[in-house]
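Me: Hi! Could you walk me through a structure that I have not looked at before?

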Amino acid sequence: MYSIGEISEKSGLSPRTVRYYEELELLPGVRRRAGGRRVYGDGELERLRFIQRLKTLGLSLAEIRELNAVYAIGGSTDAMPDSRFTTLRAKDAIVDAIRRSGAEA
């Protein structure tokens, strides 16, 4: 179990950003101790890393929220609409092309 400071350090996000993601329901089910302090586990850490990867691909927080909701229902990316996969593949290809061109420069 991690405190908000620990999860921030491990994820590379500020505590404010972690709270904001929780507020937007991108990080659902965060537990709290008796005193009201947030407690995070490995699942929340993985979700934060997933959000960061999707942001790198250029997805908006609204798109990420939609993907999170679909994932929560289906438990896998198989439940995601084909159009979302097409969008993700296109964005991923763009990011890869940019990385390759930067490495060649």
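Reply: Happy to; we can go through charged pairs, a loop residue and a pair of helices.

Me: Great, what kind of model is it, and how are residues numbered?

Reply: This is a predicted model, where local features need pLDDT of at least 70, side-chain atom pairs count only at pLDDT 80 or more, and totals for chains, interfaces and linings use all residues. Residues are numbered from 1 along each chain as its sequence is written, and side-chain values use heavy atoms, with hydrogens and water left out.

Me: How many salt bridges are there?

Reply: The count comes to four salt bridges. A salt bridge here is a side-chain nitrogen of Lys or Arg within 4 Å of a carboxyl oxygen of Asp or Glu.

Me: Which residue forms a salt bridge with Glu-22?

Reply: Arg-32 does, and the closest N and O atoms are 3.6 Å apart. The pair links distant parts of the chain, ten residues apart: Glu-22 belongs to helix α2 (residues 15-23) and Arg-32 to strand β1 (residues 31-32). Helices (H or I, at least four residues) and strands (E, at least two) are DSSP runs, numbered from the N terminus.

Me: Is Glu-22 buried or exposed?

Reply: Glu-22 is buried, at a relative accessible area of 16%, while Arg-32 is partly exposed at 44%. Buried means under 20% relative accessible area, exposed over 50%, and partly exposed in between (1.4 Å probe, protein chains only).

Me: And what about Glu-44, which residue does it form a salt bridge with?

Reply: Its partner is Arg-31, again with the closest N and O atoms 3.6 Å apart. Glu-44 lies in helix α3 (residues 42-56) and Arg-31 in strand β1, so this pair ties together parts that are 13 residues apart in sequence. Glu-44 is buried, with a relative accessible area of 9%, whereas Arg-31 is partly exposed at 36%.

Me: What else is Glu-44 in contact with, leaving aside neighbours within four places in sequence?

Reply: Besides Arg-31, those contacts of Glu-44 are Leu-27, Pro-28, Gly-29 and Val-30. Contact means heavy atoms within 4.5 Å.

Me: What does Arg-53 form a salt bridge with?

Reply: Arg-53 pairs with Glu-46, and their closest N and O atoms are 3.5 Å apart. Arg-53 is partly exposed, at 44% relative accessible area, and Glu-46 is partly exposed too, at 41%.

Me: Which residues do salt bridges that share partners join into one network?

Reply: Glu-22, Arg-32 and Arg-38.

Me: Switching topic: where is Glu-25 found?

Reply: Glu-25 is in the loop between α2 and β1. Its phi is near 65°, a positive value in a residue other than glycine. Glu-25 is exposed, with a relative accessible area of 59%.

Me: Now the helices. At what angle do α1 and α3 cross?

Reply: The axes of helix α1 (residues 4-11) and α3 cross at roughly 40° and come within 10 Å. Axes are lines fitted to C-alpha atoms, for helices over the stretch in contact, and angles run from 0 to 180 degrees between N-to-C directions.

Me: What do you call that orientation of α1 and α3?

Reply: The two helices are oblique to each other. Angles under 35 degrees count as roughly parallel, over 145 as roughly antiparallel, 65 to 115 as roughly perpendicular, and the rest as oblique.

Me: Which residues make the contact?

Reply: From α1 there are Ile-7, Lys-10 and Ser-11, and from α3 Leu-45, Leu-48, Arg-49 and Gln-52.
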